[in-house]
Amino acid sequence: MFPGRGDTAATSWNALSPIWQAGAEVVQTGLPHQQLPPAWQILLLGDGSPTRHLQLLTGEPTEVDVIDMSAIGMDNDGAPSSLQVVPGPRIRRQVWLRTASGQRLAYATSWWEARHVDEYLENKSLPIWASLAKLRTELYRDVQGIYYGESSVLAEAFGEAGPFWGRHYVFWHRGEPLTLIYEVFSPYLQRYLGKV
């Protein structure tokens, strides 16, 4: 079942079941190229905007389908432990990142302090990067974890078999945590980044 289709799955989010995972130390040093090719490492371990990277790779605007905006209060929501730096109560937002022509490229879940979400996501249908760039918000993307794992929900939604690569990071603004983001990328991107 896909979140956002009016079923009970809309009350949860799609974490990978990890086959392998690593923390900030691996993010800082990188992985051997035989484990993860350089182009994939730039996407997953770099501190640039994934929506901007996806647009550059595909030559199409990156668009967002918002599939869930849920108040979760102070619940840890099964999120990475980094969620604790984001003040509560919180809102969880789930989206598909896709090309303008409809190809799903990534899935993302983000957790926001409820009282600031409208300030930073004025237009909820825009990618986070576009919203924050419009506000000229200076950010530091602190990539804290990387995952290689399975998800039957994401396999069906992407129309691609796993395993999938994902990551999580915290956006910092003026020394304060703004949001925690968990992203999973479709193997469709191998058309642009090479085989994993």
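Predicted model: local features only at pLDDT ≥ 70, side-chain atom pairs only at ≥ 80, totals over all residues.
Me: How many salt bridges does a search of the whole structure find?
Reply: Side chains of opposite charge can pair when their charged atoms come close. Here the cut-off is a Lys or Arg side-chain nitrogen within 4 Å of an Asp or Glu carboxyl oxygen. Searching the whole structure on that basis gives 7 salt bridges.

Me: Arg-98 forms a salt bridge with Glu-63, so how many residues apart in sequence are the parts that the pair ties together?
Reply: The closest N and O atoms of Arg-98 and Glu-63 are 3.0 Å apart, and the two form a salt bridge. Arg-98 sits in strand 3 (residues 90-99), while Glu-63 belongs to strand 2 (residues 62-73). The pair therefore ties together parts whose separation in sequence is 35 residues.

Me: Is Glu-63 buried, partly exposed or exposed?
Reply: Buried needs under 20% relative accessible area and exposed needs over 50%, with partly exposed in between. Glu-63 has 30% relative accessibility, so the label for Glu-63 is partly exposed.

Me: Where does Asp-68 lie, the residue that pairs with Arg-92?
Reply: Arg-92 and Asp-68 form a salt bridge, with 3.1 Å between their closest N and O atoms. The pair links distant parts of the chain, 24 residues apart. Arg-92 is in strand 3, and Asp-68 is in strand 2.

Me: What is the relative accessible area of Arg-92?
Reply: Arg-92 also meets Asp-77 in a salt bridge, at 2.8 Å from N to O. Asp-77 lies in the loop between strand 2 and strand 3, so this pair ties together parts 15 residues apart in sequence. Asp-77 has a relative accessible area of 15% and is buried. Arg-92 is buried too, with a relative accessible area of 1%.

Me: What is the C-alpha to C-alpha distance between His-173 and Tyr-140?
Reply: His-173 is in strand 6 (residues 164-173). With 11% relative accessibility, His-173 falls under the 20% cut-off, so it counts as buried. Tyr-140 is 33 residues away from His-173 in sequence, yet in space their C-alpha atoms are separated by 6.6 Å.

Key:
Residues numbered from 1 in each chain as written. Heavy atoms only, no water. Helix = DSSP H or I, 4+ residues; strand = E, 2+ residues; numbered from the N terminus. Buried < 20%, exposed > 50% of the residue type's maximum accessible area, 1.4 Å probe, protein only.
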